[in-house]
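I opened my notebook today to look at a sheet, a helix and a couple of backbone angles. Come along and check each entry with me.

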Amino acid sequence: MDGEERELARYKWKGAALKVSGPDDVALGYVVGSAGGALTVRDGEQRQVLFTLARQGPGWRLNDMKGTLLYSVWPEDDGARIQDGAGADVARVKVREGKVSLRDAQGRTLLATKSLLAAEAAACLAFEALELPLRMALLFHLQAPPSQELAQP
C-alpha cells in the first residue's frame, strides 16, 4: 500500500520465483534465485532478464540487462553503504538498537523500521532504477528466500 492506502503490488511465491503482480493481477515481473546465489529480475512474461543482483566479494552488485553496473552495496559495521555505478554514495542503511533506517547521501532518513530487516535487504529500497514493487521483491527474496521444500517442482 502507498501513503494513500492504494495497493501497489502483490507478491506470491511460484516455486523458487517470487511473482510480482499489480493490483489488477497482471504480472509486473519475477525475481528468481540461482544456484550461485544471484537474483535475476525478469519481465512479466519471464522472457527477458532486466536486472541481476549478484555477490561481489562481501557486497552485492546490481547490473542492468546489458551488464552495466547500476549500484553496489557494501557492508559496514553498522549497516551498509549503497553506491551508484560511478562509485558515488547514494544511500546508507543504519542498523542500531533494533532499528533499521535507510538514509540518503546527505544523511536524511528516508525509511525507518523496527522490523528485523537485514541491511543488504533494506539496501534494495535505494535502487531507484527499479520500480518500487521490484525493489520490494528483491528485499523479500534477500530477507526470506524460499525454503528448499518450496523450490522443488
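Before the first entry I needed a cut-off: a residue counts as buried under 20% relative accessible area, as exposed over 50%, and as partly exposed in between. I also noted that this is a predicted model.

**Entry 1: Gln46.** I located Gln46 in the loop between β4 (39–43) and β5 (49–56). Its phi is positive, about 60 degrees, although Gln46 is not a glycine.

**Entry 2: Asp25.** Where does Asp25 sit? I traced Asp25 to the loop between β2 (17–21) and β3 (27–33). Asp25 is not a glycine either, and its phi is positive, near 70 degrees. With a relative accessible area of 47%, Asp25 is partly exposed.

**Entry 3: the sheet.** I followed the strands of an open sheet and counted 11 of them, in the order β1-β2-β3-β4-β5-β6-β7-β8-β9-β10-β11, with antiparallel pairing. At the edges I found β1 (10–14) and β11 (109–113), each pairing on one side only. From one strand to the next, the twist averages 15 degrees.

**Entry 4: a closer look at one pair.** How many bridges join β1 and β2? I noted five, in the antiparallel sense. Lys12 stands opposite Lys19, which belongs to β2.

**Entry 5: the helix.** Last, I looked up helix α2 (residues 132–143), which lies across β1, β2, β3, β4, β5 and β6 (59–64). Helix α2 runs at about 25 degrees to β3.

Conventions. Residues are numbered from 1 along each chain as its sequence is written. This is a predicted model: local features need pLDDT of at least 70, side-chain atom pairs count only at pLDDT 80 or more; totals for chains, interfaces and linings use all residues. Side-chain values use heavy atoms; hydrogens and water are left out. Helices (H or I, at least four residues) and strands (E, at least two) are DSSP runs, numbered from the N terminus. Buried means under 20% relative accessible area, exposed over 50%, partly exposed in between (1.4 Å probe, protein chains only). Two strands pair if DSSP finds at least two bridges between them. Axes are lines fitted to C-alpha atoms, for helices over the stretch in contact, and angles run from 0 to 180 degrees between N-to-C directions. Contact means heavy atoms within 4.5 Å.
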